[in-house]
Amino acid sequence: MAANANMSKDFFELVKSIGESKSKQEEDKIIAREMHVLKVKMAAKVVHSRKMKEYLIRMIYVEMLGHDAAFGYIHAIKMTHSGTLAERRVGYMCCGLCLHQDHELMLLLVGGLQTDLQSDNHLEAATALIVVSKLTSRDTIPAILPLIIKLLDHPQANVRKKAVMAIQRFYRLDPSCVESIVEKIKRILCDKNPSVMGASLYLIGDMIGTDASVFKDLVPSFVSILKQITEHRLPRDYDYHRLPAPWIQIKLLQILHQLGNADKNASEGMYEVLHEVMRRADIGISIGYATIYECVRTVTSIYPNSTLLEEAAKCTSRFITSENHNLKYIGINALASIVQVDPRYAAEHQLIVIECLEDSDETLRRKTLDLLFRMTNPQNVTVIVGKLHAFLKSSVDVYLRTELVSKIIQLAERYAPDNAWYIQTMNEVFEVGGDLVRPEVVHNVLRMIAEGAAEEDSDEDNIGQYAVDTYVELLDKPVLPDVMLRVISWVLGEFGHKSKAWTPWDISQRLFGVIERPHEETSDVRSWAITAVMKLSHLHNHIGEVCSVVERYRTSVSSDLQQRTHEFLELVKDIRTMKAVLPADSFTEELDIDSNLGFLDEYVATASDHGAKLYEEQGFDDADMLLVAEKPIAVTPYPKWDQTRVAMTDELEVPTETYSARMHHKNPAAASSSSSEFSAGNLASVDGPWGRKQPAAASNDFHQPKSTSDPSLHSQNQVSAPYQIPESPQPQRNRVDSAASVDSVDDSPVMKKRPTKREQMLSGMFA
């Protein structure tokens, strides 16, 4: 019970019950009960600080088990302002574990942090620095950074180290905030305390990743520090399994790796210390292997040195031949780095690397594939591609299969010993992973076959002939991917006449099988196959059989297939035209495109001589073209009808002369009336949706005149029939039954429909 002396009975029971719970459901019930208890006790009016400290620790248990204890966050922040250091440390610990940098309560924490950062008690400053390194956001940097910079000169090493870690946090949030203290950061590297110096390496490493040139002058300092560490000049407290300060060594090697890249002068000062580090780190333990691996990476990144490369290759050999999978893994990684500098070091380990493909460790196999790709050359391409292809057949991981297909295709295009091997390799890839092949890869294969066939003069070693014979045999397989069928169709159509083993008719019959195979509606394989049949059709005497097969797809749902079918059925009517359109051996011809269509000049001249009009004479004059230019096509949608904006149409002008002339042409009796009504240039006298809304007193019938027996009114309605509002029944909202309403209708002008904009424009053009 001595261990539970500082624990209340409730706290002890909580920890005990959580440990003894047998299921997640039971644990959740315990936590739910505890949360209810904490809510009640924390909300009490008077809570002793010692009790509150325990409640906060119990709240941390609740949060650690995945439950939300937000009700206690404010009490944690209050605890950071407590009088005793122990209580403030509990408050800061709770805030650091439960809050995040963008939490809404963080603003309440900044004031307490500023106070503790200026405290004379180094424990208070160190505690505040821990929270700063975790919870500072970009917005709070300006309020805290000046205080952190002052702490870089604090007499306590622990405070200086935590201040450096806080600045590293600031740099990752906002790199520009430390631009003014770069020189101060460089001086921290010479701090007499190794822990402060070690902390500064991580900050400097981040800054070198952004701009290495600023720290190039520190290369001798880094080399000197690394040399002192390897010579055991640091206190024994920094040793780990007899290796002096291994993590500081690894960080220094990573920094030298960045500073020595492509810099001969900087690299020359590193050679000696790197050799010494590799020699001293070889003590047969894991941390020593990690240090050696980092040395190998540094040696392969800086300006190359043959002696160091030999030493790195020896260390890598021991890793690869080890029975430990972890050592094999870092050996594969190390060898991949060495191969990039000098590929000859991979030759002696080639068989061992290939054996790693049979390892049961999936991670090791994938890393080995990457190494094999890097170490491939013209001498071993056949073996390595064979291994990669075998691995592709057995793999079911889509991502890995995609990567394998890409690697095999790249190696085949880069190191193919001959065209036959290239075609065979690509056929195997298409057959096994055709659904993963990109369209540009197919284009490259076809281009290579075409260029190879054009360059070879000997019929005995013609790649086109070899490709035809190979692909005809492949058509015997019942299932082939679409990408494979496209390649086969194109090759047979272009080079089918070069085969000595197969006649064009034999090849066409094989292509009939491709056409009649079941394909998806979106597939274009039939189109490729029909095009191939078209190219071969004028090389044999079986046009009728070909037409009977092709004609079935005249009504295909595929527009492309329909077009090709109709083109073929038109071309077969004249074999001479077909030969001109689809000549043999034309796959490498360059097509000259005449953008001006000059080849039509003779045809146009002949048609013009026979009376045909040129485009400029087709009835368009300059005035018409100007009108079109002034009236561009409307692309905005029509606005919704709004009766409140009817008055806006009053300003629309109507072509008076044109309108009256047309009315005179239709009905001379109404021409004078129509002309006088519209001579004012507006639609004030017209009632309806395109005219001005009349007041109720002036016109009590808004929509249309009432039906009456007055013959004069009937006559007027007949005259204005083309522009009369339709007599379909409409609701009459302003009906008045008195005789005055009839009189007002008789005296009002004849109601007319406003001509549309289209009618106005046409009347102006053709009046």
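1. Contact here means heavy atoms within 4.5 Å. By that test, and leaving aside neighbours within four places in sequence, Tyr240 is in contact with Pro246, Trp247 and Ile287. Tyr240 and Ile287 are 47 residues apart in sequence, yet 8.2 Å apart in space, C-alpha to C-alpha.

2. On provenance: this is a predicted model, in which local features need pLDDT of at least 70, side-chain atom pairs count only at pLDDT 80 or more, and totals for chains, interfaces and linings use all residues. Residues are numbered from 1 along each chain as its sequence is written, and side-chain values use heavy atoms, with hydrogens and water left out.

3. Overall make-up. The chain has 38 helices and 2 strands. These are DSSP runs numbered from the N terminus: helices are H or I with at least four residues, strands are E with at least two. Buried residues make up 44% of the 767 in the chain. Buried means under 20% relative accessible area, exposed over 50%, and partly exposed in between, with a 1.4 Å probe and protein chains only. Among contacts between residues at least 6 apart in sequence, 65% join residues at least 24 apart.

4. The strand region. Tyr240 sits in strand S1 (residues 239-240). Tyr240 counts as partly exposed because its relative accessibility is 37%. His241 lies in the loop between S1 and strand S2 (243-244), and Arg242 is in the loop between S1 and S2 too. Check the backbone here. His241 is not a glycine but has a positive phi of about 55°. Arg242, also not a glycine, has a positive phi of about 70°. His241 is partly exposed at 49%, while Arg242 is exposed at 60%.

5. Nonpolar cores. A nonpolar core is a set of buried Ala, Val, Leu, Ile, Met, Phe, Trp, Tyr and Cys residues joined through side-chain atoms within 4.5 Å. The largest has 105 residues; Met59, Leu117, Ile148, Phe222 and Met270 have the most contacts inside it. A second, separate core of 89 residues includes Ile408, Ala532, Cys547 and Val549.

6. Helices H6 and H7. The axes of H6 (residues 106-117) and H7 (residues 122-135) come within 9 Å and cross at roughly 145°. Axes are lines fitted to C-alpha atoms, for helices over the stretch in contact, with angles from 0 to 180 degrees between N-to-C directions. On the H6 side, Met106, Leu109, Leu113, Asp116 and Leu117 meet H7 residues including Ala128, Leu129 and Val132.

7. Helix H18. Its 17 residues (325-341) should span 24 Å at 1.5 Å a residue, and the end C-alpha atoms are 25 Å apart, which agrees. The expected span is 1.5 Å times one less than the number of residues. H18 is mostly covered, with 12 of its 17 residues buried. The cover includes helices H16 (286-301), H17 (306-320), H19 (350-355) and H20 (362-374).

8. Thr565. This residue is in helix H30 (residues 559-571). Thr565 is buried because its relative accessible area is 0%. A polar atom of its side chain lies 2.8 Å from the backbone oxygen of Leu561. Beyond four places in sequence, Thr565 is in contact with Ile530, Val550, Glu551, Tyr553 and Arg554.

Note on methods
Polar contact = N/O pair within 3.5 Å; in protein donor to acceptor, adjacent residues only side chain to side chain.
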